[in-house]
Amino acid sequence: MNKLFPVISRRLSHVCSLKPYKETKWLMPNGNPTGAYIYNCVANGKVPVILSDPHIATWYSCGPTVYDSAHVGHASCYVKLDIIQRILKSFFNIKLVTAMGITDIDDKIIKKSIETKTPFTTVAKQYENEFWLDMSSLNIEKPLIITRVSEHIGTIENFIQKLVDSEMAYVTFDGSVYFDTSKFPTYGKLQKVQKEGEASNEEKRHKMDFALWKAKKPGEPSWDVAWSTGRPGWHIECSAMVSKLFGSQLDFHAGGIDLQFPHHENEEAQSCAFHNTRQWANYWIHVGHLHVKGDVKMSKSLQNTISIPSILEKYSADVFRMACLTSNYRYTMEYSDEMMKTAEEVLNKFKFFLKDASVYVNSSAPGIRDYKKKIIDDLQKIEEANLEALKSDFDTATCISNLLTLVSNANRIIKLNSNEYYPVPIVLIAEYITSVLTRLGLKLQDCEESIISNTIIDTLVEFRQSVRLNALKRKDKDMLQACDVVRDKLKKNKIHINDSQKVSSWVSTK
């Protein structure tokens with residue numbers, strides 16, 4: 001790697017000097033190329049992932065404002081970010097230091113507090129606890145560090161004071177503090193904005209100036225600071241907490257696409273001003289919205305949300321994750337029962353294959369063992385293709401498609417009616433598929449079922465298969481119809497049977 005680095009560095013420097021990067025003001029970091037490329041909104045294209053330490057990266061996700069229950073729209077964002085984190089850790093061997101900020105003081109929390117006559121701290125704790133339970137139910141790994149705004153008021157005060165002292169921010173007559181965007185020439189680099197125009201209130205000097213601190217209002221929680229009494233603005237929270245953790249440079253900053261502007265734009269501006277640097281976060285990751293049918297964003301304001309527990313009553317966490325894996329994290333995903341059923345079918349194809357592969361390898365039928373080099377070569381090609389797909393902006397959809405091709409090819413071998421027998425390649429394929437899917441966060445197990453219930457289902461499926469094969473031989477339509485009834489009733493209880501000429505296998509979608 002060290003011998004190649006000067007050549008790679010010269011090539012990347014040439015790429016970075018091209019016109020698109022210059023215009024969009026993305027600065028290529030110094031350090032070690034990982035071989036991966038990621039879309040960056042500042043560059044408006046894919047850029048190389050370069051880390052100062054080849055094996056360590058910092059990651060911050062904007063967490064929830066805890067005033068209400070999370071919904072499936074939030075779930076899709078956090079599942080997709082969890083997938084990307086797992087790829088960086090499991091496929092690129094990066095030690096990822098993950099942090100998430102919880103907004104536990106905000107206008108909406110205060111409103112809920114007043115409506116319910118409950119202290120704002122109680123409201124925030126209730127919904128934060130619920131959030132972590134929802135994330136756990138979706139098999140989302142908890143961040144290593146969790147920061148809460150209410151616990152970092154002193155850090156936020158010091159951050160704002162430094163911006164005021166450097167004249168990048170100003171205190172208004174009522175004690176609020178605003179960031180002066182006119183003194184930050186590159187404001188709008190994440191998303192182009194119209195800077196001209198009159199300010200929306202009398203306190204602001206310029207149209208795009210944003211609040212770092214909000215002066216106290218009657219009945220609201222507040223803190224005493226050097227310049228007034230009040231509470232933090234939304235954008236300053238993340239910048240102050242991240243800077244305390246990671247200093248003047250952050251590798252990955254993630255959140256939903258709706259945070260690109262103004263939240264992330266304002267974070268980048270005030271953080272660069274605070275640290276006196278041209279680039280604070282090297283890689284911005286934005287996840288597309290989850291829409292409901294009719295191309296409408298799922299949101300609480302539109303009252304079209306679906307709770308996370310309610311979706312998990314119909315589909316497993318693995319099914320929802322598969323739906324996320326088969327879409328592009330950057331683009332809109334349309335939620336529907338059709339989408340979920342398609343994801344369930346894809347998941348079942350893998351489950352059926354893994355069960356069928358186990359039966360095939362452990363078969364007692366006579367046969368001639370063979371290695372079949374072509375199958376191994378095909379597996380190697382797909383392994384390489386999948387790694388390239390994940391290097392190219394975490395293209396999980398292509399990865400899943402490649403795995404399905406592998407399953408299809410392997411199934412043709414398993415279902416051959418001949419004396420040929422290829423246990424080694426089938427085992428390797430099954431092991432590779434299991435490895436990839438579990439590294440992407442799928443559990444691939446029916447944790448709700450006991451050994452006893454599995455044994456009962458095994459016995460029922462085996463009995464049905466013997467009856468079915470006998471009926472096929474005798475062309476007994478009534479008996480075949482009875483077998484179909486058993487299959488359909490099991491399906492209603494989320495037990496899916498896959499019939500073949502040799503054996504029938506089953507998987508659970510609970």
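1. Buried in helix α7 are His235, Ile236, Glu237, Cys238, Ser239, Ala240, Met241, Val242, Ser243 and Phe246, where buried means under 20% relative accessible area with a 1.4 Å probe and protein chains only. The helix spans residues 234-246 and is mostly covered, with ten of its 13 residues buried. Helices here are DSSP runs of H or I, at least four residues, numbered from the N terminus. Gly247 follows α7 and has a positive phi, near 80°.

2. This is a predicted model: local features need pLDDT of at least 70, side-chain atom pairs count only at pLDDT 80 or more, and totals for chains, interfaces and linings use all residues. Residues are numbered from 1 along each chain as its sequence is written, and side-chain values use heavy atoms, leaving out hydrogens and water.

3. Arg86 belongs to helix α3, residues 72-90. Its relative accessibility is 9%, so Arg86 counts as buried. Beyond its neighbours within four places in sequence, Arg86 is in contact (heavy atoms within 4.5 Å) with residues including Phe91, Asn139, Glu141 and Arg321.

4. The largest pocket holds about 1,100 Å³ of space. A pocket is an open set of points on a 1 Å grid over the protein atoms alone, where a 1.4 Å probe fits, with protein on both sides within 12 Å along at least five of seven lines; lining residues have an atom within 4 Å of a point. The volume is the space filled by probe spheres set on the points, which are joined across faces, edges and corners.

5. Lining the largest pocket are 49 residues, with Thr65, His74, Lys108, Asp258 and Leu259 nearest its centre. Helix α3 gives the largest share of this lining, five residues.

Terms used: Helices (H or I, at least four residues) and strands (E, at least two) are DSSP runs, numbered from the N terminus. Buried means under 20% relative accessible area, exposed over 50%, partly exposed in between (1.4 Å probe, protein chains only).
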